[in-house]
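Please look over the sequence and the model shown here before reading on. The explanation below goes through the structure one part at a time.

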Amino acid sequence: MLEKMKNFTQDVVTLLWKDLLAEFRTKEITISILVFALLTIVIFNFAFTPDPARVGLIAPGVLWVAFSFSGVLGLNRTFVIEKERGGLQGLVLCPVEREALFLGKAAGTFIFMCIMEMIILPVFSILLNLPVFMPGLLAIAFLSNIGFVAMGTLFSAIAVNTRARDFMLPLLFFPAIIPLLVFAVKGSSMVISGEPWSDVMGWLWKIAAFDVVYLVVSTLVFEFVLEE
Amino acid sequence: MRSFNLNAVLWSVTTILIMVALYLVFAWVPTEATMGIVQRIFYFHVPSAWVAFLSFFVVFVSSILYLAKRNIKWDTLAYCSAEIGVVFTSLALISGAIWAKPTWLSWFPWEDPRLTTTLVLWLIYVGYLLVRNYSTTYQAPRFAAVIGIAGFLDVPIIYLSVIWWRSAHPIVFRPSSDAGIAPSMLLTLMVSLVAFTMLYVVLMRLVLSIRRAELEVEELKTRIQD
Amino acid sequence: MEKNFGYLLAAFAVIWLGHLIFLLRLHLRQGSLDKELAFLRDLVKEKERK
């Protein structure tokens, strides 16, 4: 039993490492989601032109829209890359458990999103002149990423196999991820307005619950998506 | 041996129930004190929403059964229920909005968890149908089953999140009669509920037979090509 | 109060029309499917005779 778990973890790490190495060479996913998040924030600033009084109100929303949109872009690319290079068949033939495949992919996207968020948060505070580079926001972001990639990797694997793959993922994913967005934005606005950490913890627990539910569900159900 | 025409019986029962419900809603049940006659929309809106959720539940269960047993009949059941579900969800949303506007002065009160959850449910259903249409015939049942399962599990979470989302702002109105419902209104609602459920059953049989015909067409086409 | 009757009517109309349109589309689908099925079944019978 312990042997099986060791092998499983090894598989996940190997798959993750493969994706990280590939990404390290090209950096195409990290750069594209970084730039896209930045663009989203810039567009929002022109769309809303917030004055200093109101900027604190819209900041959490803008931040999470930027993270969500660029996150979806990242999710799309993790599987599209495989599909284009024909890697999808290769992965399916690989003698690894489907669950390991899922966790490896999800972990990769998780890391890319965390990197993106660590860079975007200070940039965001500069652009909006708001001190948002707080550890609290990072905690919310990293915790939310788990649920985000858990659900997103599952839907992405489906979407990449359909005809309208660019539009299918947002369509499937955004309605389903609404609870996570609500929790993250609520928690973030509390952090920004300086509410006590104990209140913010309430939202973190809800995010964690969502993460657990969808980590379990997606891992279990993923094997049905990847059959051939 | 006289054949027992189940369809005729079901359609007749449904029609009778609908007519009884219509009479109750428009002629019998007393007008609600605070909201006026617009409140009667409630007797159509709630059963529509009920059927919408019922159909999605059927999609959920059939999806699980399909992935477990791989018998195409479960996928057929799921697909048909989803098609009907979209119709009823749309009707629930539209009737909900029409009821909301005169009652709460807003076409779409986002803080009402039920209406907002129904909207997200609609989006998930539409996603379900689009995934089916945009995948190959071979993959469609599997992908749709995954959506049917993951989507349905999300619905209670979405409902809770909407409640928590707006709990900071006190809900100025309670979108339901909180002081307990009058027995005559309850009866009308129940009759309408049963009528709509029968309508669901009858429509399901119709859509199922159409879907089976479509599958037979596909099968015949492949046989001819061999 | 009675001015809101329009809303009630609108909701009722939408629900009825919605169902009617749905049923009509199903009916049309059924019709074309029946024709196609009859045609294909004949084709298969002919093929199997050969």
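Residues are numbered from 1 along each chain as its sequence is written, while chains are lettered from A and ligands numbered from 1 in the order in which they are written.

The model scores ipTM 0.85 and pTM 0.88. Confidence in single residues is given by pLDDT, the predictor's confidence in each residue on a scale from 0 to 100. Chain C averages a pLDDT of 88, and 96% of its residues score at least 70. Where pLDDT is low, the predicted coordinates should not be read in detail.

Chain B contains six helices and zero strands. Here helices (H or I, at least four residues) and strands (E, at least two) are DSSP runs, numbered from the N terminus. Read from the N terminus on, the elements of chain B are α-α-α-α-α-α. The C-alpha trace of chain B spans about 70 × 55 × 25 Å along its principal axes. Of the 226 residues in chain B, 43% are buried. A residue is buried if 20 or more other C-beta atoms lie within 10 Å of its own, exposed if 12 or fewer, and partly exposed in between, with C-beta atoms placed from the backbone. Two residues are in contact if their C-beta atoms, placed from the backbone, lie within 7 Å. Among the contacts in chain B between residues at least 6 apart in sequence, 77% join residues at least 24 apart.

Which chains touch? There are two pairs of chains in contact, and chains B and C share the most contacts. No contact joins chain A and chain C, and their closest C-alpha atoms are 24 Å apart.

The contact between chains B and C takes 27 residues from chain B and 23 residues from chain C. On the chain B side, α2 (42–69), α3 (72–104) and α6 (183–225) each supply at least two residues. The largest share of that side, eleven residues, comes from α6(B). By class, the side of chain B that touches chain C has 17 nonpolar, four polar and six charged residues. Ala, Val, Leu, Ile, Met, Phe, Trp, Tyr, Cys and Pro count as nonpolar, Asp, Glu, Lys and Arg as charged, and the others, Gly among them, as polar.

Between chains A and B, 22 residues of chain A are in contact with 25 residues of chain B. The elements giving two or more residues to the chain A side are α6 (135–159), α7 (165–192) and α8 of chain A. Its largest share, ten residues, comes from α7(A). The side of chain A that touches chain B divides into 17 nonpolar, two polar and three charged residues.

One pair of helices shows how these two chains meet. Two packed helices are described by the angle between their axes and the distance between the axes. The axes of α8 (residues 197–225) of chain A and α5 (residues 140–165) of chain B come within 10 Å and cross at roughly 170°. Axes are lines fitted to C-alpha atoms, for helices over the stretch in contact, and angles run from 0 to 180 degrees between N-to-C directions. Helices α8(A) and α5(B) are therefore roughly antiparallel to each other. Angles under 35 degrees count as roughly parallel, over 145 as roughly antiparallel, 65 to 115 as roughly perpendicular and the rest as oblique. Residues from α8(A), including Phe210(A) and Val217(A), meet residues from α5(B), among them Arg142(B) and Ile149(B). The residues of this contact divide into twelve nonpolar, no polar and one charged.

The largest nonpolar core has 138 residues, and those with the most contacts inside it are Met151(A), Leu172(A), Ala78(B), Val131(B) and Val146(B). A nonpolar core is a set of buried Ala, Val, Leu, Ile, Met, Phe, Trp, Tyr and Cys residues joined through C-beta atoms within 7 Å. The largest share of this core, 16 residues, comes from α3(B).

Two loop residues of chain B remain. Arg70(B), in the loop between α2 and α3 of chain B, has a positive phi of about 60° although it is not a glycine. Most residues other than glycine have a negative phi. Arg70(B) counts as exposed because it has 11 C-beta neighbours inside 10 Å. Leu105(B), in the loop between α3 and α4 of chain B, also has a positive phi, near 65°.

Key: This is a predicted model: local features need pLDDT of at least 70, side-chain atom pairs count only at pLDDT 80 or more; totals for chains, interfaces and linings use all residues.
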